Amino acid sequence: MATQTLPEFISEITGLGSFGVAGEFVAAIVGAGIIGTIMLTYTGIAGPWAKRKITAAFTDRYAANRMGPFGLLTIPADALRLLSKELIIPERVDRPAFDLAPLVVAGSALFAFAVIPMGSLFGINMQIADPEAGLAYAFAVASIATLGLTMAGYASANKFSFMGSLRAIAQNIAYEIPLVLTGASVVIFAGSLQMSEIVAAQTISGGAEPLFSIAGLGIPPWFAFVNPFAFVLFTIANIAEVGRNPFDIPEAPTEIVAGYQTEYSSVYFVLIYLGEFLHIFLGGAIAATLFLGGPAGPVLPGFVWFTIKIWGFFLLTQWARSAVPRVRIDQLIEIGWKGMLVLSFANLLLTAVIVGVIA
Amino acid sequence: MNPWIAVGALGVVSVVIPLSMMLVSSLLRPSVPEDSKRTTYESGEVPTGGTRIRFNIQYYMVALLFVVFDIETVLIFPWTVIYRSALEDGVGLVTVLAPMLIFIGVLVVGLAWAWHNGAVQWSRDPQASETQ
């Protein structure tokens, strides 16, 4: 069952498909622009506004409430303020690595959204592409951000930045393996790396058997219900991968100023900040696709459910930011290499054995 | 449509968006360079020494371990894709499972060895432990 992706839909209704590959590429650019705009809008709401409001709610304050309804006009005001700041380039930085790092961080996070199935909106399937290696692509592109953080930290020629980027690398590589291995345990169920197949294997309309039925309503076999242990492991590894509390030691403000972004100002700072928030949404999107049925859900359109799920993950990271203390570097390494890695291997093998015995 | 055309299009968009933000910012922002403004930030003090400082060897050890395990996850992926369909096609459970058990077993032995040698144990600063 191949559903039409967003670029295919655009190329069909505009007739661009008849111009061959060039026409298809133009249609794909339009589709990619739409998806990019949606994700940047979410990030724009999350970064300057929702983050403040959520933290304020946890700490019993009001936060932004002066500009516009609920302080929502803070968003354009902040965008203008940050873009019009002076760009200070310290004299000892290594260029062009210093200038490329923000581009890599922000660009790679957006790039990975290519394969995420965002569900249908007004009957249009909001997915840019659905290659057979979808999941491998998502994991691969999501981890490019580590390279950007390394460049940022090393090229800044600042001791805080350097420490921050070392910590970022150690953290990302330690939790990358549990993340991918728990992802692989889902692939055992679904039998495919294609994102649409993984979603179809979790939804009743996609042909999957209901997990069990309550009063005639079938509970869909979302992999979070089928294997909750893998879901918990994946969520922890995911939070570490996007560098949020309790795993935020790469930028630990009370220890190393701002980590790898210490020397960044103006638009460069905006891009790194943007990349981090895009990365949170990306983590939420991958978790939703693998474990929460992607855009599946009752009544509302798929795209709305997708939005609810990724904002749910964002809310989780913000809750952890207010509620969970930060781990130390030695604890981080031990949790990663001694705990998560062993547990994720156990999860993979147990999943394989159980699936093998049942099938 | 070939899906990689669309992926490439998003690649173009995800470079153009940051670049256009940089362009907009360069039109808006002032530029008032000053010597003291352009020094490396070190909490307001005059910066001392270089940045290419010695750092904990442990960062290197975990990076080496990562290379091994990352390649291994790449090799596990194809197996997970065909696992279920192979079982449904009537291939025996032992035939499908045993090679992967041996493969992961070898890696786990490697991890145990690294663990035993303290590669995943954060090494402490010797001076810090003396003072305790």
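Biologist: How many residues does helix α12 of chain A have, and how far does the helix reach from its first C-alpha to its last?
Modeller: This is a predicted model, to start with. Helix α12 of chain A covers residues 266-291, which is 26 residues. The helix reaches 38 Å, close to the 38 Å expected at 1.5 Å a residue.

Biologist: Is α12(A) mostly covered or mostly open?
Modeller: Mostly covered. Of the 26 residues in α12(A), 24 are buried.

Biologist: What follows α12(A)?
Modeller: Gly293(A) does, and its phi is positive, near 70°.

Biologist: Back to Phe291(A). Which residues is Phe291(A) in contact with, leaving aside neighbours within four places in sequence?
Modeller: Val186(A), Trp222(A), Phe223(A), Ala224(A), Phe231(A) and Phe234(A).

Biologist: And which residues have the most contacts inside the largest nonpolar core?
Modeller: Phe291(A) is one of them, with Ala114(A) and Leu271(A). That core has 140 residues. Helix α7 of chain A, residues 159-190, gives the largest share, 19 residues.

Biologist: What does chain B put into this core?
Modeller: At least three residues from each of its domains, domain 1 (1-31) and domain 2 (54-123).

Biologist: How far apart are the centres of those two domains of chain B?
Modeller: The centres are 38 Å apart, taken over C-alpha atoms.

Biologist: New topic. How many residues are in contact between chain B and chain A?
Modeller: On chain B, 58 residues touch 73 residues of chain A.

Biologist: Which helix of chain B gives the most to that side?
Modeller: α1(B), with 19 residues. The helices α1 (3-28), α2 (58-88) and α3 (93-116) of chain B each supply at least two residues there.

Biologist: What classes of residue make up the side of chain B that touches chain A?
Modeller: There are 41 nonpolar, ten polar and seven charged residues on that side.

Biologist: Zoom out to chain A. How many helices and strands?
Modeller: Chain A has 14 helices and four strands. Its C-alpha atoms fill a box of roughly 60 × 55 × 45 Å along the principal axes.

Biologist: What does the radius of gyration of chain A agree with?
Modeller: With a compact globule. For 359 residues such a globule would have a radius of gyration near 21 Å, and chain A has 21 Å, so the two agree.

Biologist: How much of chain A is buried?
Modeller: Buried residues make up 55% of chain A. Take the contacts in chain A between residues at least 6 apart in sequence: 72% of them join residues at least 24 apart.

Methods:
Residues numbered from 1 in each chain as written. Chains lettered and ligands numbered in written order. Predicted model: local features only at pLDDT ≥ 70, side-chain atom pairs only at ≥ 80, totals over all residues. Rg over C-alpha atoms; globule rule 2.2 N^0.38 Å. Buried ≥ 20, exposed ≤ 12 C-beta atoms within 10 Å, placed from the backbone. Contact = placed C-beta atoms within 7 Å. Nonpolar A, V, L, I, M, F, W, Y, C, P; charged D, E, K, R; others polar. Domains from an automatic or database assignment. Expected span 1.5 Å × (residues − 1). Core = buried A, V, L, I, M, F, W, Y, C linked by C-beta atoms within 7 Å.
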